[in-house]
Amino acid sequence: MRFSVARHAAWSPGVSTPEAWRAWAQAPFKIEGTAQPALAKMPAMLRRRAGFLGKMALEVAYDCLDGRSGVPTVFCSRHGEAARAIELLTELTDEMPLSPTGFGLAVHNASAGLFSIARADQANHVALAAGACTVEHAVIEACGMLADGVPMVLLVAYDCPLPEVLSAFEDCAEQPHAWAWLMVPAGAGALALHWSADDAPGFAPDPTSMPGGLEVLRFYMGGAPRLERRDGRLAWRWTRDD
């Protein structure tokens, strides 16, 4: 799969400007905090519905799309609105009535739906999760759309640490982040994604490693010629044209 990035945006607590992201890519540090983006481009009534994770995703989606409409979107998040889901499950165990709005905002395509509604944009949108290599699968989905003839696709990748009750299941150093690419057919400076069966023995997740979304962002922002990732089933290789 080959493609180019026509425009990009990224946001996380404490790292919100292009200069800050370039500095982070050269010397990564663990991103922490719960500060939220202003999300000023979204109408207030809908903005209030978005939580911490959703606001990060929507902030970079607006910034990257920059007023364009009719662009298909792929929203990808490994964990999605896990915090909202835990709230709903807790209410169930307490035998409390569930809020339909709360449920609607806990599903995996909640941010994509809010983005579409706020902009009255009926372009196709997809929301997916695919474990530790969610971003790679999202790129495959977006490249499939480009191969079908659409001129550009907006990819939005976002995640944050799991709620405390699920923290024991984290297999990397989860950190709050969101970024977006406006993907177009491959041109000068294109990125490429290759994959093959992971035949190397003894794969085990590293609980101190950077989450996949940030690894891919660092590869893109830092200018490294290649990035290799594994998930125990597939081996992924990212490269860039010279």
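Arg226 counts as partly exposed, at 45% relative accessibility (20% to 50%; buried is under 20%, exposed over 50%, with a 1.4 Å probe and protein chains only). The model is predicted, so local features need pLDDT of at least 70 and side-chain atom pairs 80 or more, while totals for chains, interfaces and linings use all residues. Numbering starts from 1 along each chain as its sequence is written, and side-chain values use heavy atoms, without hydrogens or water.

Arg226 pairs with Glu228 in a salt bridge, 2.6 Å from N to O (the cut-off is a Lys or Arg side-chain nitrogen within 4 Å of an Asp or Glu carboxyl oxygen). Glu228 is exposed, at 55%. Shared partners also join Glu136, Glu215 and Arg229 into one salt-bridge network.

The structure has 11 salt bridges. One of them joins Asp171 to Arg78, with the closest N and O atoms 2.9 Å apart. This pair links distant parts of the chain, 93 residues apart. Asp171 is partly exposed at 23%, and Arg78 is partly exposed at 25%. Arg119 and Asp121 form another, at 3.0 Å. Here Arg119 is partly exposed at 22%, but Asp121 is buried at 10%.

Val139 touches Phe3, Leu155, Trp181, Met183, Leu193 and Trp238 (heavy atoms within 4.5 Å), leaving out residues up to four places away in sequence.

Note on methods. Helices (H or I, at least four residues) and strands (E, at least two) are DSSP runs, numbered from the N terminus.
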